[in-house]
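The following paragraphs guide the reader through selected features of the structure shown below.

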Amino acid sequence: MDSVNPSPERTSVRPSADGAPASDASPPILAGAACESAAPDGRAPQFQQVAFEVERLLRDAGRPETWGALLKPLLAQRHGEVRAFHDAGATGRAVARAQSQLVDGIVRGLYATLGRGLRQSGNGTADGGGKQDRESRQDCALVALGGYGRGELNPASDVDLLFLRGGDADAKQQRLIDGILYPLWDLGFTVGHSARTIDETILFSRRDPTVLTALLEARLLAGSTQLFAKLRGRLRRTLAGKAGREFLRRKLAERDRRHAQFENSPTLLEPNVKESPGGLRDLHTALWATQVAFGVHQLEELEANGLCTPEELGELQAALDFFLRVRTQLHYLTGRRTDILVMEMQDALSAALGYTAQGGLHAVERFMREYYRHAVSVYLFSRTTLWRCSDRPGWARRGLRALRRRRLDANFAVDGGRIEFSNGGGVFLEQPLLALQLFLSCAQHHFTISEEVSRELRSALYSTRRAQALRSPAGNALFLRLLAAPHAAKALRMMHQLGVLAIFLPEFDELTGLIQYHLFHRYTIDDHSLRAVRYIDELPATTEPEIETLGRLAAKQANPGLVKLALLCHDLGKSCGGGHVASGTRMVRGIVQRLGLPKEEAETVIFLVQHHLLMNHTAQRRNLDDAAVVARFGQVVGSVERLEMLYLLTYADTRAVGPNVWTTWKGALLLELYEKGARYLCRELDVGDTIEQIMRQARAKVERQAGEEIEAEEIERFFELMPPRYFCTCRPEQIVRHIVARREAANTPLVMRRFPAETAGQTELLVITEGRRGVFSKIAGILAARRINILAAQVYTDLEGMAVDTLWVDSAQRQPVGDPGLWPAVEEDLRKVLAGDLDVRALIRSQDRFYSLSKRRPRLLPSSVHIDNTVADECTVLDIVAEDHVGLLYAITQTLYDQGLDIVLAKISTEGNRATDTFYVTDSQGEKLLDSGAQEALARAVREALEESFAMAPA
């Protein structure tokens with residue numbers, strides 16, 4: 001919950017007159033816990049006197065509506081003390097407690113002042129005499145709820161209050177409520193509040209689990225102790241029955257829904273420190289469950305009640321401190337309630353929290369690595385704890401389980417695909433190899449392991465790593481068998497989470513929680529590698545037509561464990577910083593020797609790690625119609641067997657980068673390279689024969705799809721006009737559309753068509769026009785001016801000089817282009833530009849004012865420009881890597897046009913925010929750019945254009 005609103009119909013949120021920031025309530029934890037005092041070092045600000053200071057300031061003040069202005073200087077001074085405490089390096093919990101104590105002082109001072117006012121206004125008269133006023137106040141309790149009740153407020157957190165009544169509402173109680181709320185609003189707090197009797201509170205808690213959750217944190221601030229004690233007693237009795245079991249069920253379902261929103265991963269690139277798996281909410285949910293199931297209220301009580309080990313308790317305390325400190329800093333940096341660690345904020349956060357570059361890692365990488373390590377610890381603890389609290393079946397369910405269980409071996413049994421102890425635990429310390437046998441069973445049969453087994457295994461690893469026993473020849477053999485099993489990824493992820501994988505691959509443990517921002521992976525590097533192994537596991541059963549060849553290759557592998565081991569190792573060098581391929585290759589040499597792989601298999605794994613970028617680089621940046629390119633690629637690979645494994649690894653590596661990174665376009669390029677490479681290695685056909693065969697197959701498919709819509713002569717003429725590489729990358733349905741559009745182009749200078757792209761949220765844009773120099777740049781410029789982002793492009797010119805350009809686009813916000821009136825405007829702009837009636841640069845400059853008002857973003861990826869004359873016989877090749885943004889492609893292509901160059905071939909690729917663009921170019925005479933001075937001038941011009949384009953681009 002974003003804020004605890006015990007009574008939605010009475011929740012009041014009112015900004016202060018000076019626009020103080022909105023705020024956010026922390027999720028609940030410790031029932032009835034009083035705010036703790038200062039940290040042991042004594043640096044914590046002391047707020048015991050704040051209530052008296054409030055009373056003094058308001059002693060002769062007027063109506064409560066004016067009190068906020070009188071209290072603002074006091075609050076500002078005290079907030080400054082909390083900020084200084086935080087800046088001095090205080091723990092997250094200590095700062096959150098200090099913030100809570102400050103609010104306590106304000107609220108209690110207001111309560112005391114109002115109580116005195118009520119006594120003075122009564123004067124013993126019949127309408128509210130002294131005795132009646134005292135009874136009214138004694139029949140009310142002011143209660144803190146949620147994060148405030150727990151004593152863990154961050155700077156912009158909500159203040160959640162319950163005005164607990166002993167009887168019916170009266171005017172004086174309403175005056176008390178209003179007198180507290182109005183000043184709090186004016187001081188800039190966002191207040192969630194309700195006013196109820198005990199019966200009403202319990203009734204609402206049964207209807208709404210959010211209310212019940214908030215009440216688990218209830219803490220008396222002022223008023224009747226007897227009334228508050230009655231509420232606590234009623235709540236305990238309520239939770240002891242069916243309502244408690246229903247609460248746990250709902251919290252589990254809520255946890256599952258929340259995790260699904262974050263891909264069930266605690267290691268996303270931009271996590272939510274509160275809501276993501278492994279965040280504050282997971283820790284709170286676990287502690288709510290322990291309170292309901294076992295009566296354990298506080299984090300520090302878990303170990304004494306057997307709910308965690310001493311090591312786990314230390315991890316949880318460190319994680320809570322870390323998360324609260326990060327959240328506090330995030331609120332200070334943004335001046336508002338926010339919990340998402342967006343990339344643009346992570347650098348500033350890491351610097352503010354004192355992180356520095358070290359060991360080849362940037363400060364922000366070290367900061368996020370610590371976040372992920374804490375998140376994984378909390379994620380595992382929460383999962384185990386919720387299972388222990390909710391999985392307590394009665395005798396009937398226990399009997400059903402006994403009938404359902406199947407004995408696996410002397411120590412384990414399987415129930416519903418989950419491995420459990422068959423005769424109690426205590427087996428891992430004496431027989432450490434049982435852990436590997438357990439995970440091997442999971443990898444072979446798609447089993448998972450119970451939380452009880454996981455917990456004992458993790459506890460055993462705390463006591464002793466048993467590394468020598470596990471890293472023995474017998475252990476190595478089990479590990480290699482596991483890698484070759486059909487469900488290895490699932491077992492490897494469990495091993496990684498529980499610390500077992502680190503015993504075999506301590507180098508892999510160095511990747512835990514590591515993200516390198518210039519790569520724009522959506523996941524941490526360890527998570528990326530494990531996802532890649534999962535994609536290999538899934539291939540043999542795939543039904544996706546586009547990866548049918550990959551599925552067939554995966555199913556026929558004699559030892560699929562080699563590709564999976566290579567995937568686990570392919571990014572190991574990234575833990576060292578700098579060029580990761582050379583470092584990773586050195587590491588994997590030691591790993592294959594340590595695991596005892598036979599020489600040939602060891603050399604294959606080393607090859608895959610050393611060349612894991614080769615296939616993507618060749619397919620996406622090089623002209624695959626060039627026989628020399630295919631020959632060089634084949635010579636490096638050396639055999640069809642290695643080519644197959646490299647193809648599988650490249651697919652899995654690419655797909656595991658993030659959603660929508662693997663595209664039909666990239667798949668077609670890799671398939672083309674695989675097929676040409678295989679034919680080269682088998683010496684069956686030369687490259688020309690391969691292309692002819694591909695064109696024959698494509699033509700047959702096009703004729704079937706076209707039916708009677710297109711004459712055979714028109715299809716034949718189109719195949720004669722288009723370059724061979726076109727048919728290697730275009731799907732039959734695309735070709736049919738292009739033939740129809742090419743027919744229309746005979747009677748008009750421009751044909752523009754749109755189609756839904758296969759990737760959700762994108763549009764496929766087809767433009768056919770006369771292929772004059774600079775046309776592609778004009779198209780890119782018009783789209784940039786209209787704030788349309790180009791994700792990929794195929795650029796072709798037929799033998800009659802007609803350009804057939806296909807572009808995949810979305811909006812600048814990475815959403816579908818939703819404005820239906822935008823495309824006619826784009827087409828009209830393009831017609832005017834082609835006719836010479838509109839200048840593209842003028843069109844872009846007209847957007848400068850809009851761009852100048854847009855939010856700027858920090859640069860996360862340095863640009864690189866590389867010019868190569870050795871790749872192609874007839875063209876100079878330009879490789880450009882840059883951070884993707886609206887206008888990037890226009891900036892590059894316009895610069896090439898300005899330099900008098902023709903684009904012969906363009907290969908555009910985008911992964912996340914990383915654009916990798918390659919251009920085959922010639923000068924105005926159709927020759928390579930051989931002059932070194934001209935090359936330097938070109939590279940300098942492109943770099944300058946990239947800088948200018950990035951500076952103009954909106955966030």
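Helices (H or I, at least four residues) and strands (E, at least two) are DSSP runs, numbered from the N terminus. Axes are lines fitted to C-alpha atoms, for helices over the stretch in contact, and angles run from 0 to 180 degrees between N-to-C directions. This is a predicted model, in which local features need pLDDT of at least 70, side-chain atom pairs count only at pLDDT 80 or more, and totals for chains, interfaces and linings use all residues. Residues are numbered from 1 along each chain as its sequence is written, and side-chain values use heavy atoms, with hydrogens and water left out.

Helix H24 (residues 548–556) and helix H30 (residues 640–655) have axes that come within 10 Å and cross at roughly 120°. On the H24 side, the contact (heavy atoms within 4.5 Å) is made by Thr 549, Leu 550, Leu 553, Ala 554 and Lys 556, and on the H30 side by Glu 644, Tyr 647, Leu 648 and Tyr 651.

Two residues are considered next for their backbone angles. Most residues other than glycine have a negative phi. Glu 263, in the loop between helix H10 (242–261) and helix H11 (280–294), has a positive phi near 60°. Its relative accessible area is 28%, so Glu 263 is partly exposed, a class lying between buried (under 20%) and exposed (over 50%), with a 1.4 Å probe and protein chains only.

Arg 787, which is not a glycine, likewise has a positive phi, of about 60°. Arg 787 is found in the loop between helix H36 (775–785) and strand E11 (788–797). With a relative accessible area of 18%, Arg 787 is buried.
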